[in-house]
Amino acid sequence: MPLLYPLSSEENYVITAHVPEGLLLRPPGPGGPGSGSVPAKLFVKGGRIVHLQYFSAADKFPAGGGWKEIVIPPRQVLAPAFIDCHVHAALDGVNGFNGFQKPAEPQKVLEHLGRAAKVGVLAVRDGSDRFNSALVACRSGEPPPSPGPLPALVATGSAIFRQGCYGSFLAEKGITSIKEVYYKLQQLANMGADQLKVVLSGLVSFRQKGTVNGPLQFSLPEMEEMVKAASRFGLRVMVHASSDRAARLAAEAGVHSIEHGYFITPETLELMAERQVAWVPTVAPLFAVLENAPAGNTPAINRDAVAHAVEHQLEMIHAAHRSGVLLGLGSDAGSPGVGWDNGVALEMGLFARAGLNPVEILKVASQNGSRVLGLTGTMGALQEGLLPCFVCLDRNFLIQPGAHLKPEAVIFPSSMQTSLPSSPSAPETLL
Ligand SMILES: [Zn+2]
């Protein structure tokens with residue numbers, strides 16, 4: 001379990017740490033090391049990062065007295081906390097939507113989110129459930145069941161799907177005409193939703209190679225109308241789109257993010273880069289199917305079909321990164337085999353297998369996530385003005401990102417917790 005370190009907005013802190021050089025937003029200046037990590041000091045005052053000082057002695061910050069010093073050991077590096085762009089806060093990571101028949105209690109939802117925060121995930125975007133569980137929980141004001149931070153939550157409420165098609169886990173009832181979208185949007189806005197989730201395709205087939213079950217649920221004009229209608233309510237649109245056709249249609253309609261996108265093609269990725277549509281490839285839940293399935297094929301799972309979908313997704317993640325698509329890291333935490341303690345680590349390991357280097361993965365997991373969630377002025381980078389949300393990682397992460405994924409410490413504003421940490425006399429120096 002990582003060390004949890006809340007920072008009070010009433011106190012001033014100076015954090016001395018090594019920072020991966022590739023994460024610095026401005027060059028550290030002449031005389032610094034060429035690669036790896038650089039020593040830095042981060043000044044935190046009033047609950048915000050107020051100054052970053054790199055190794056350069058010329059870069060003086062008039063700290064004065066009264067700054068609490070936090071020293072991160074040199075065997076660790078400091079990075080922005082993680083942002084998970086796709087979770088299902090109502091689900092347990094074991095059964096997923098199997099047997100999901102009633103709303104998840106707010107305490108259950110908060111327990112899931114608290115577990116994610118304790119491994120460094122300090123913002124999540126919910127991928128919806130039919131009972132609005134996450135939305136209800138985060139607006140309930142209930143304290144979390146155990147001490148520690150809770151992540152910022154971009155809440156969705158229930159989704160829009162076409163009656164008779166895939167999606168009954170994500171909304172109580174499907175729509176029959178596009179006019180119903182306006183009623184639904186009004187409902188979601190009244191409940192305080194931050195965005196709209198639309199289900200455009202079915203699920204990827206675990207039996208037939210390269211296949212997505214079910215038809216496309218909406219036409220291009222219908223999708224365009226939904227995007228326009230949602231924007232009137234100030235809501236971004238995230239779209240469940242497996243299959244290349246679904247992803248392309250969603251991109252043409254100008255949605256904000258495409259979820260899953262299994263079997264997407266390089267041509268569609270180019271269109272997404274051009275239209276600035278984000279992609280959250282959620283490869284972890286598919287990988288988990290392979291990991292947890294019995295050896296050999298079953299009537300439900302053809303291992304070759306699932307392995308092919310995983311491999312294709314990894315290739316496309318690499319292609320998307322190279323062609324400038326805004327990639328978000330989404331674990332689909334809550335799905336079977338994707339737990340709240342390991343979802344982000346699993347997805348990061350898969351991004352490493354796709355060929356992204358450690359710093360690129362850290363950027364996807366923080367800076368990109370803040371763009372996908374609309375939190376760029378709040379968190380996601382080591383930058384003045386943002387909230388002090390950090391993880392401390394074993395520095396071997398920079399050599400071998402598949403391992404050493406568990407943060408050694410999580411640093412967060414104390415306002416992210418609604419009760420005191422178990423150890424109120426937290427040590428001033430992390431050693
Ligand atoms: Zn999902």
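A: F82 stands opposite V121 of strand 8. This is a predicted model. The pair belongs to strand 7 (residues 82-87) and strand 8 (residues 121-126), which run parallel to each other and are joined over four bridges. Strand 7 is mostly covered: six of its six residues are buried. Strands of a sheet pair through backbone hydrogen bonds, either parallel or antiparallel.

Now the core. The largest nonpolar core has 144 residues. Among its members, L122, L200, V237, A250, I258 and F351 touch the most others. Helix 9 (residues 343-353) is the top contributor, giving seven residues. Both domain 1 (3-80 + 379-416) and domain 2 (82-373) supply residues to this core, so the core lies between them.

Take L200 from that list. Setting aside neighbours within four places in sequence, L200 is in contact with L216, Q217, F218, M223, V239, H240, A241, A246, L249 and A250. A250, one of these partners, is itself named with L200 among the core residues that touch the most other members.

Helix 5 (residues 244-252) is mostly covered, with seven of its nine residues buried.

Strand 12 (residues 257-260) meets strand 13 in the parallel sense over three bridges. There, S257 stands opposite A278 of strand 13. In a regular strand the side chains alternate between the two faces of the sheet.

Next, the domain boundary. The chain divides into domain 1 (3-80 + 379-416) and domain 2 (82-373). Their centres, taken over C-alpha atoms, are separated by 30 Å. Contacts link 21 residues of domain 1 with 23 residues of domain 2. On the domain 1 side, strand 6 (76-80) and strand 15 (409-413) are the elements that give two or more residues. By class, that side has 17 nonpolar, three polar and one charged residues.

One last residue deserves a look. F397 is found in the loop between strand 14 (390-394) and strand 15. Is F397 buried or exposed? F397 is buried, because 25 other C-beta atoms lie within 10 Å, and the cut-off for a buried residue is 20 or more. Its C-alpha atom is separated by 10.0 Å from that of L362, although F397 and L362 are 35 residues apart along the chain.

Note on methods:
Residues numbered from 1 in each chain as written. Predicted model: local features only at pLDDT ≥ 70, side-chain atom pairs only at ≥ 80, totals over all residues. Core = buried A, V, L, I, M, F, W, Y, C linked by C-beta atoms within 7 Å. Buried ≥ 20, exposed ≤ 12 C-beta atoms within 10 Å, placed from the backbone. Domains from an automatic or database assignment. Contact = placed C-beta atoms within 7 Å. Pairing = 2+ DSSP bridges. Nonpolar A, V, L, I, M, F, W, Y, C, P; charged D, E, K, R; others polar.
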